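Colleague: I've got a model open and I'd like to learn how to read it. Can you walk me through a few features?

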Amino acid sequence: MPRVLGEVDLALINTNYALEAKLNPTKDALFIEDKNSPYVNILVARPDNKDSDAMQKLAKALTSDDVKKFIEDKYKGAIVPAF
């Protein structure tokens, strides 16, 4: 979609593609989803390892304050932590 923006009136572009195309979603978008979007990325595991130490450590790391700060600092609102 980013390549044809000059040829269309409206385009729906995933944030990762917008960023790759050097667009700034917080400035170039008419609408951007917030942390309450039903389309957030989530960590999933097989039932047999969902309670494993490795999965628990990964879940804790992914939802840490450091990761949240990294996302907020790097993406400046274009990607919003949903945790």
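This is a predicted model: local features need pLDDT of at least 70, side-chain atom pairs count only at pLDDT 80 or more; totals for chains, interfaces and linings use all residues.

Colleague: Is aspartate 28 buried, partly exposed or exposed?

Modeller: The idea is to look at relative accessible area: under 20% is buried, over 50% is exposed, and the rest is partly exposed. Aspartate 28 has 49% relative accessibility, so it counts as partly exposed.

Colleague: How far apart are the C-alpha atoms of aspartate 28 and alanine 18?

Modeller: They are ten residues apart along the chain, and 9.2 Å separates their C-alpha atoms.

Colleague: Where is leucine 12, and is it buried or exposed?

Modeller: Leucine 12 belongs to the segment before α1. Its relative accessibility is 76%, so leucine 12 is exposed.

Colleague: What about nonpolar patches on the surface? Which residues form one here?

Modeller: Leu10, Leu30 and Phe31 do, and together they have about 450 Å² of accessible area. Take leucine 30 from that trio: you'll find it in the loop between α2 (25-28) and α3 (53-62). With a relative accessible area of 81%, leucine 30 is exposed because the cut-off is over 50%.

Colleague: Now pockets. How do you find empty space?

Modeller: Rolling a probe the size of a water molecule over the atoms shows where empty space is left. In this model, the largest pocket has a volume of about 1400 Å³.

Colleague: How many residues line the largest pocket, and which lie nearest its centre?

Modeller: The lining has 38 residues, and those nearest the centre are Asn14, Thr15, Ile32, Glu33 and Ala78. By type, the lining splits into 27 nonpolar, six polar and five charged residues. Helices α1 (15-20), α2, α3 and α4 (65-75) each give at least two residues to that lining, and the largest share, three residues, is from α1.

Colleague: One last thing: which residues have a positive phi without being a glycine?

Modeller: Lysine 22 is one of them, with a phi of about 65°. Look for lysine 22 in the loop between α1 and α2; its relative accessible area of 76% makes it exposed. Lysine 76 also has a positive phi, near 45°. That residue lies in the segment after α4, and lysine 76 is exposed too, at 60%.

Key
Residues are numbered from 1 along each chain as its sequence is written. Side-chain values use heavy atoms; hydrogens and water are left out. Patches are made of residues with over 30% relative accessible area and no salt bridge: like charges are joined within 9 Å, nonpolar side chains (Val, Leu, Ile, Met, Phe, Trp, Tyr) within 5 Å. Accessible areas come from the Shrake-Rupley method with a 1.4 Å probe; for residues, only the protein chains shown count as cover. A salt bridge is a side-chain nitrogen of Lys or Arg within 4 Å of a carboxyl oxygen of Asp or Glu. Helices (H or I, at least four residues) and strands (E, at least two) are DSSP runs, numbered from the N terminus. Buried means under 20% relative accessible area, exposed over 50%, partly exposed in between (1.4 Å probe, protein chains only). On a 1 Å grid over the protein atoms alone, a cavity is a set of points where a 1.4 Å probe fits but cannot get out, and a pocket is an open set with protein on both sides within 12 Å along at least five of seven lines; lining residues have an atom within 4 Å of a point. Grid points are joined across faces, edges and corners, and a volume is the space filled by probe spheres set on the points. Ala, Val, Leu, Ile, Met, Phe, Trp, Tyr, Cys and Pro count as nonpolar, Asp, Glu, Lys and Arg as charged, and the others, Gly among them, as polar.
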